[in-house]
Amino acid sequence: MKQLFVFIFIINCVPVVYSQQNLQSNINQIISKPFYKHANIGISVRDVKTGELLAEVSKDKVMIPASTMKLVTTFVGHQILGENFTFETRISYDGELDAEGNLRGNIYIEGSGDPTLGSDRIPGSQSASVLITKIADDIYLHGIKCIEGNIIADQSVFDSSPISSSWQWNDLGNYYASGAWGLNFNENTYSIFYERSGPIGSLTKISHTEPVIPGLKLDNYVTVDSANSVDNAYIFGGPHVYNKRVEGTIPQGKTIYKVKGALPDPPNFFASTLLKELRKREMGCHMYSSLSKIDDKKKLRKWISSYRSPSLKNIVRVANELSINIYAESILKTLGHMIGKKGSDLEGIAAIEEYLVSRSIDVTALHMEDGSGLSARNLMSPEFLTDFLYRFLRGKNENYIKELMPAVGVSGTVKNLLSQSKAKGNMWVKSGSMDKILNYAGYCKTASGRLVAFSVFLNGSTAKKMKDNKTELEKILDAIYRFS
């Protein structure tokens with residue numbers, strides 16, 4: 001009886017710990033379920049302090065990373081450009097300004113690729129309407145009373161292709177595929193407002209769009225679905241295309257329903273909006289246009305005012321917290337502009353790969369098509385991403401990543417992830433999802449206080465609903481948190 005008493009005492013007083021071996025076996029047990037029979041699952045978990053591999057499943061197999069790609073783009077941008085880097089948009093003019101305030105020349109909006117321009121999402125930045133009013137005020141206060149030239153949107157800081165060539169056709173035209181232009185405006189989005197009170201299967205009616213876009217034509221084929229359905233409307237038509245086709249369904253309801261789209265030409269829309277404001281003030285201007293090629297006479301322009309973005313640290317945080325594609329794409333092209341030969345995807349990717357190689361990170365298992373992860377042709381292995389995350393945080397602590405990533409169960413796209421688990425607030429995670437794809441990557445302060453980096457990729461899931469993928473992967477994430 002004495003031996004039995006001692007045995008029970010030990011079991012009841014010593015907390016359960018999950019050793020390295022138990023973590024691997026626990027993960028193996030989870031993925032042995034029929035749910036994973038046809039899916040590809042890749043996992044890599046490393047100790048941030050030592051780099052020790054703690055658990056893995058097909059860690060070297062390349063898979064589609066979806067939006068976890070943003071971690072590579074934003075973190076490298078953060079390191080190369082610096083957390084205090086800001087985008088600067090300049091307002092300038094050429095020609096001659098006489099004593100009466102008559103400008104015989106043009107007004108220029110010189111884009112820097114700032115993805116936050118005209119968006120008040122980040123505190124300190126100005127909304128589109130406030131920004132336009134402020135620019136018009138600046139021009140007038142500079143002494144320009146009448147403009148005899150044009151409003152020109154200079155977007156030459158980036159190349160002429162705002163989107164990746166491998167983005168899918170059914171994504172183009174939608175707000176998340178707006179791309180990164182040399183001059184962005186209000187995250188390059190507009191909204192279509194629908195009346196949807198008709199019977200299921202009936203055609204919806206477009207009430208209006210905000211803002212009004214000159215020349216935009218919408219061919220509407222969106223029908224009404226059940227009230228408990230989700231938004232399944234897609235806008236077809238890429239950059240510079242003003243005739244858009246909208247297909248799919250939206251939920252039935254009595255209120256107006258909003259669908260967000262990508263502006264056909266943000267620089268031109270910016271210029272046209274400013275022109276409208278200046279004409280309202282009877283300040284003249286003939287027309288508006290955009291400039292996509294580098295102007296040799298740019299240095300001769302005269303400065304009126306400048307607008308700076310929030311710090312890159314804040315842009316990176318919001319990009320990862322809310323998974324905003326335009327933020328990541330602008331960072332990628334800015335790296336190309338600042339480090340490479342021009343502001344393009346290819347030069348930005350080359351700059352990232354050069355940085356990774358200089359940090360002894362093997363890029364064999366990385367293929368980048370864009371900066372946001374929207375392209376289904378992006379590829380990386382879970383081990384590549386975990387190794388990158390481990391090296392990025394080496395010598396730092398979790399306070400550093402708290403400023404750059406959302407915590408599970410707390411905010412952003414992972415607000416509802418592990419919300420009932422003790423892992424809530426102890427994991428900082430970027431999610432990535434596409435049809436039949438769900439990935440999570442980031443850092444975890446385990447139950448024992450150990451800091452680990454991890455990547456969990458699920459590709460080719462046969463689950464009928466995305467929430468089923470989430471439910472299964474939460475089990476893996478919880479096992480990582482409970483690891484000692």
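User: How do you know how much of the contact set joins residues at least 24 apart?

Analyst: Contact means heavy atoms within 4.5 Å. Take the protein's contacts between residues at least 6 apart in sequence: 70% of them join residues at least 24 apart. The model is predicted, so local features need pLDDT of at least 70 and side-chain atom pairs count only at pLDDT 80 or more, while totals for chains, interfaces and linings use all residues. Residues are numbered from 1 along each chain as its sequence is written, and side-chain values use heavy atoms, with hydrogens and water left out.

User: What makes up the secondary structure of the protein?

Analyst: It comes to 11 helices and 21 strands. Both are DSSP runs numbered from the N terminus: helices are H or I with at least four residues, strands are E with at least two.

User: Why is V224 called buried?

Analyst: Buried means under 20% relative accessible area, exposed over 50%, partly exposed in between (1.4 Å probe, protein chains only). V224 has 3%, so it counts as buried. The residue sits in strand 11 (residues 217–225). Beyond four places in sequence, its contacts include R196, G198, I250 and Q252. R196 is 28 residues away along the chain, yet the C-alpha atoms are separated by 6.2 Å.

User: What makes N416 exposed?

Analyst: Its relative accessible area is 56%, and the cut-off for exposed is over 50%. N416 lies in the loop between helix 10 (398–402) and strand 19 (427–434). Leaving out residues up to four places away, N416 touches K470 and E474. From N416 to K470 is 54 residues in sequence and 9.9 Å in space, C-alpha to C-alpha.

User: How do you know that the reach of helix 11 is close to the expected span?

Analyst: The expected span is 1.5 Å times one less than the number of residues. Helix 11 (residues 466–481) has 16 residues, and 22 Å is expected; it reaches 22 Å from first C-alpha to last. Its buried residues include E474, L477 and Y481.

User: What share of the protein is buried?

Analyst: Buried residues make up 54% of the 484.
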